[in-house]
Amino acid sequence: MTQILLVDDDPQFLQATTELLELLGHQVSTASTVEEASRLARTTLFTHVILDVILPDGSGLHVLDSLPENGQNTQVTLVTGHPSVKSIVKNLYGPNIHYLIKPINLEQLESLFNQQADSTRIKQHYGHLVGESAPMQELYQMIERVANTHANVMLIGESGVGKEVVASAIHYASRTEGVFIPANCGAFARDLISSELFGHEKGAFTGATHRKAGVFEQAQGGSLFLDEITEMPIELQPNLLRVLETQQVTRLGGTSSIDINCRVISATNRTEVEIAEQGHLREDLYFRLAVFPIHIPPLRERVEDIPLLVEHFLNTFNRQYQSTIGIDEASLERLMQYDWPGNIRELRHAIHRAYIMADMDKKLLSLPDDLSSPFSKVGSDPHFNGITVGKTVEDVEKELIETTLEHLAGDKKRAAEMLGISLKTLYNRLNSYAESTTE
Amino acid sequence: MSEETRKLIHDIRNPLNNISINAELGKLVLERKGDIAKAKEIFTTIINACKSCSDELEKLKEHMDDPQDFT
């Protein structure tokens with residue numbers, strides 16, 4: 001499905017074209033000025049923008065500046081009465097530009113969306129997510145379920161798994177009237193958190209020169225994404241809790257409260273156990289936010305999606321740099337064998353780097369000898385996999401013994417001491433491991 | 001062609017465009033929904049757009065008849 005932003009100052013054209021596109025099964029938002037369109041483009045990820053070049057408050061091309069950075073997938077179509085506009089704009093915005101020449105007919109309109117189908121073969125679920133693996137299918141089911149409700153969602157996943165992308169997908173799947181407002185609780189200055197979340201009245205504090213709407217108000221009728229929710233100072237959490245309980249927000253310095261109506265999607269890279277044990281979130285707040293918790297799988301649990309993701313990133317970079325770089329099988333194999341502790345963010349970074357280093361004669365990505373990033377080596381010993389559900393006591397015992405021996409360079413006497421077992425028991429265990437491998 | 005002539009021609013394209021889009025919409029509404037009332041509404045829009053087309057053409061004609069404007 002496509003999400004279209006239609007911009008034109010002729011209300012009759014706007015209305016008829018919207019109805020036409022909706023009959024064709026597309027989702028349409030409309031704007032009649034540059035300002036209105038820019039506001040929408042900043043907060044919603046559109047697959048298509050159909051734009052009149054001449055608008056009452058300036059050139060329609062200004063709207064393109066407001067497309068989000070990751071909006072390189074947005075197909076831009078200019079509506080024009082002059083075929084000559086083509087030559088002026090052609091090279092400015094790359095190959096993603098299409099044209100509709102007035103008078104527009106159905107065939108012209110439909111051709112826009114067929115081109116799209118050809119140029120991006122990779123399916124993006126809910127307009128955002130790439131991957132067909134079993135863990136992703138499970139994720140899609142969860143999104144489908146929650147999209148039909150108003151429940152608050154907490155996204156739990158490692159750094160780099162794409163929590164904001166999943167949040168956008170939930171917003172997209174919910175088909176709400178309002179917009180998607182992302183906010184990072186870890187990035188707010190401590191003193192300003194309340195003002196950012198709840199807004200303030202003019203003169204509420206020194207420096208408050210204008211009235212400001214908080215993110216809850218901005219997300220009215222839509223979705224508010226609170227990233228790094230567990231980084232929010234504990235003493236400020238009761239304020240947030242009160243808003244969620246009363247569904248009302250009062251701007252700082254304000255006297256009357258405002259009803260709010262948005263889904264809160266929060267995200268954290270801590271596990272539920274960490275949140276509870278280390279007290280990052282008040283329990284009552286956790287239950288308000290995590291009505292519907294969703295775990296996003298790390299990349300190493302969906303290795304089979306790596307080829308799709310690589311192709312998706314290659315398409316993006318090829319469009320951006322107007323080239324046709326590919327990848328050979330050996331490189332793809334290496335990408336699939338690496339365990340990506342930094343997840344999709346790390347994969348994207350690796351592809352981008354390899355793209356810049358690409359062999360321009362063969363038009364192939366060029367991977368570095370060592371894929372791992374400096375961040376990936378911190379705090380993880382590749383030999384010791386740790387305790388996970390599903391392992392047997394024997395497995396864990398064997399791992400512990402082997403790791404201890406390795407650490408002590410094979411000194412069995414010291415290893416037995418450290419493990420708190422007799423030297424004889426240690427020998428027995430080692431013999432049984434040797435037997436089971438020779439069987 | 002003068003700037004004014006260009007502008008007048010451009011102004012004719014807008015109602016013409018509305019006729020085209022509404023005719024396509026009308027076709028689709030009848031095909032998929034069989035909504036006669038909606039179709040009537042669309043035809044009215046088309047007739048009005050034809051009138052504005054005619055008005056714009058009249059303006060263009062007056063402008064062309066005015067010999068001062070040929071530059």
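Q: In this predicted model, is Y126(A) buried or exposed?
A: Y126(A) is found in the loop between α4 and α5 (134–147) of chain A. A residue is buried if 20 or more other C-beta atoms lie within 10 Å of its own. Y126(A) has 20 C-beta neighbours inside 10 Å, so this tyrosine counts as buried.

Q: What is the phi of Y126(A) near?
A: Most residues other than glycine have a negative phi. Y126(A) is not a glycine, yet its phi is positive. The value is near 50°.

Q: Which form, cis or trans, does the peptide bond from K102(A) to P103(A) take?
A: P103(A) lies in the loop between β7 and α4 (106–119) of chain A. Most peptide bonds are trans. The bond from K102(A) to P103(A) has omega near -5°; it is cis.

Q: How many helices and strands does chain A have?
A: Chain A holds 439 residues, and buried residues make up 31% of them. Among contacts between residues at least 6 apart in sequence, 70% join residues at least 24 apart. The chain has 17 helices and 16 strands.

Q: How far apart are the end C-alpha atoms of helix α1 of chain A?
A: Helix α1(A) covers residues 11–23, which is 13 residues. At 1.5 Å a residue, the helix should span 18 Å. The model agrees with this, because the end C-alpha atoms are 18 Å apart.

Q: Within what arc do the buried residues of α1(A) fall?
A: The buried residues of α1(A) are F13(A), A16(A), T17(A), L20(A) and L21(A). Seen down the helix axis, they line one face of α1(A), because they fall within an arc of 130°.

Q: Which exposed residues does the face of α1(A) turned away from its buried side carry?
A: This face lies away from the buried side of the helix. Its exposed residues are P11(A) and E22(A).
Beyond the helix comes G25(A), with a positive phi near 95°. So much for the end of α1(A); the exposed pair on its outward face is P11(A) and E22(A).

Q: What are the edge strands of the open sheet of five strands in chain A?
A: The strand order is β2-β1-β3-β6-β7, with parallel pairing. The edge strands each pair on one side only. They are β2 (27–31) and β7 (97–101) of chain A.

Q: What angle does the direction of α1(A) make with that of β2(A)?
A: Strand β1 (residues 3–7) of chain A is joined to β2(A) by five bridges, and the two run parallel. Within this pair, L6(A) stands opposite T30(A). Helix α1(A) packs on the sheet and touches β1 and β2 of chain A. Its direction makes an angle with that of β2(A) of about 165°.

Q: Which residue of β15(A) stands opposite M154(A)?
A: Strand β8 (residues 153–156) of chain A runs parallel to β15(A), with four bridges between them. The bridge partner of L226(A) in β15(A) is S266(A). Opposite M154(A) stands S266(A).

Q: How many of the six residues of β15(A) are buried?
A: In a regular strand the side chains alternate between the two faces of the sheet. R263(A), I265(A) and A267(A) point one way from β15(A), while V264(A), S266(A) and T268(A) point the other way. Both sets are buried. The count for the strand is six of six.

Q: What gives the most to the side of chain A that touches chain B?
A: The contact takes 14 residues from chain A and 15 residues from chain B. By class, the chain A side has seven nonpolar, four polar and three charged residues. The top contributor, with seven residues, is α1(A).

Q: Which helices are included in what covers the buried residues of α2(B)?
A: Helix α2(B) covers residues 36–65, and its end C-alpha atoms are 43 Å apart. Its buried residues are I42(B), T45(B) and A49(B). What covers them includes α1 of chain A together with α1 (3–32) of chain B.

Definitions and conventions. Residues are numbered from 1 along each chain as its sequence is written. Chains are lettered from A and ligands numbered from 1 in the order in which they are written. This is a predicted model: local features need pLDDT of at least 70, side-chain atom pairs count only at pLDDT 80 or more; totals for chains, interfaces and linings use all residues. The expected span of a helix is 1.5 Å times one less than its number of residues. A residue is buried if 20 or more other C-beta atoms lie within 10 Å of its own, exposed if 12 or fewer, and partly exposed in between; C-beta atoms are placed from the backbone. The arc is that of the directions from the helix axis to the C-beta atoms. Two strands pair if DSSP finds at least two bridges between them. Two residues are in contact if their C-beta atoms, placed from the backbone, lie within 7 Å. Axes are lines fitted to C-alpha atoms, for helices over the stretch in contact, and angles run from 0 to 180 degrees between N-to-C directions. Ala, Val, Leu, Ile, Met, Phe, Trp, Tyr, Cys and Pro count as nonpolar, Asp, Glu, Lys and Arg as charged, and the others, Gly among them, as polar.
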